[in-house]
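Subject: Structure handover

Hello,

Here is the structure I promised to pass on. Please open it beside this note, and then read on for what turned up.

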Amino acid sequence: MNWTARNHVPALTAVLSVVSLALVFAAALGVVPQGALPHAPAAVLAAIPHVNAAISAVAIVVIAGAWRAIRRGNVDRHRSGMLAGLVLFVAFLALYLYKVALEGPTQFPGPAAVERFVYFPILGVHVLLAVVCIPLLYYVLLLALTRPVGTLSETNHPRIGRVAASLWLISFFLGVVVYLLLYVAY
């Protein structure tokens, strides 16, 4: 049997998604022992939300630019932009999970009514979209990496890619809104 990534994109997507989401939930739910991670100075930990907000803002611009590039037929710029967006996403996620694994989730400092009716719904949609994006991003990335560029239009890459990019942009945008609610508004 000839086992290649090209022939098993859905299976690889599933495995990578399960592993990634297990790591995310392990960190978010406090399963990762604090002693297993090096502890950064307090100033570094305090800077992570601000750095992540900047990463998110840059990612929005990069992903939108990459989407615009493919609409204009510039495959190389699209590929570079989407890969840059992926690197930004990984950097964001690594920093976020590191901070959460060490300190737990940030508590909302504002009024309870705002927390209940504004913050939690926005945070919930942001997290849901981020979780949904993971398998979609793996799928379109694996299709792009395992097929010649000229044949991608014959795959699900364009259709799923539009959905993934849309949800990815919304998730990053809502992440910035969450940041503004936590660190600027209150």
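**Starting from Ser 56**

Ser 56 sits in helix H2. A word of caution first: the model is a predicted one.

Is Ser 56 buried or exposed? Its relative accessibility is 2%, so Ser 56 counts as buried. Set aside the neighbours within four places in sequence, and Ser 56 is in contact with Phe 92, Phe 172 and Val 176. Two of those names, Phe 92 and Phe 172, come back below in a ring cluster.

**The overall layout**

Now step back to the whole chain. The protein chain has five helices and zero strands. Along the sequence the pattern reads α-α-α-α-α. Its C-alpha atoms fill a box of roughly 50 × 40 × 30 Å, taken along the principal axes.

The protein chain has 186 residues, and 37% of them count as buried. Look also at contacts between residues at least 6 apart in sequence: 79% of these join residues at least 24 apart.

**The cores**

In soluble globular proteins, nonpolar side chains tend to be buried together. Here is how that looks in this model.

The largest nonpolar core has 34 residues. Which residues have the most contacts inside it? They are Ile 63, Met 82, Phe 89, Leu 137, Tyr 139, Trp 168 and Phe 172. Helices H1 (9–28), H2 (42–71), H3 (75–103), H4 and H5 each give two or more residues to this core. H4 gives the most, with ten residues.

Not counting residues up to four places away in sequence, Phe 172 touches Ser 56, Ala 59, Ile 60, Ile 63 and Phe 89.

There is also a second, separate core, made of six residues. Among them are Phe 108, Val 114, Val 178 and Leu 181.

**The aromatic rings**

A pair of aromatic rings is described by the distance of the centres and the angle of the planes. The count of aromatic pairs comes to nine. Two of them are described here.

Take Phe 92 and Tyr 96. Their rings are stacked, at 6.2 Å centre to centre and 0 degrees between the planes. Both residues lie in helix H3, four residues apart, which is about one turn of the helix. Phe 92 has a relative accessible area of 15%, so Phe 92 is buried. Tyr 96 has 37%, so Tyr 96 is partly exposed.

Then take Trp 168 and Phe 172. Their ring centres are 6.1 Å apart and the planes stand at 40 degrees, so this pair is tilted. Why tilted rather than stacked? Stacked needs planes under 30 degrees apart, and edge-to-face needs over 60; the 40 degrees of Trp 168 and Phe 172 makes the pair tilted. Both residues lie in helix H5, again four residues apart and about one turn of the helix. Trp 168 counts as buried because its relative accessibility is 4%. Phe 172 counts as buried too, at 5%.

Ring pairs link Phe 89, Phe 92, Tyr 96, Trp 168 and Phe 172 into a cluster.

**The charged side chains**

Side chains of opposite charge can pair when their charged atoms come close. How many salt bridges does the structure hold? It holds one.

That salt bridge joins the side chains of Glu 103 and Lys 99, at 3.0 Å, N to O. Glu 103 and Lys 99 are four residues apart in helix H3, so about one helical turn separates them. Glu 103 is partly exposed, with a relative accessible area of 44%. Lys 99 is buried, with 11%.

Arg 147 is buried yet has no salt bridge. The nearest side chain of opposite charge is Glu 154, 8.3 Å away. What lies 3.1 Å from a polar atom of the Arg 147 side chain? It is the backbone oxygen of Arg 6. Leaving aside neighbours within four places in sequence, Arg 147 is in contact with Arg 6, Val 9, Leu 152 and Thr 155.

Best wishes

Terms used. Residues are numbered from 1 along each chain as its sequence is written. This is a predicted model: local features need pLDDT of at least 70, side-chain atom pairs count only at pLDDT 80 or more; totals for chains, interfaces and linings use all residues. Side-chain values use heavy atoms; hydrogens and water are left out. Buried means under 20% relative accessible area, exposed over 50%, partly exposed in between (1.4 Å probe, protein chains only). Lys and Arg count as positive and Asp and Glu as negative; His and the chain ends are not counted. A salt bridge is a side-chain nitrogen of Lys or Arg within 4 Å of a carboxyl oxygen of Asp or Glu. A polar contact is a pair of N or O atoms within 3.5 Å; within protein, one must be able to donate a hydrogen and the other to accept it, and residues adjacent in sequence count only if both atoms are side-chain atoms. Contact means heavy atoms within 4.5 Å. A nonpolar core is a set of buried Ala, Val, Leu, Ile, Met, Phe, Trp, Tyr and Cys residues joined through side-chain atoms within 4.5 Å. Rings of Phe, Tyr and Trp (its six-membered ring) pair if their centres lie within 6.5 Å; planes under 30 degrees apart count as stacked, over 60 as edge-to-face and the rest as tilted.
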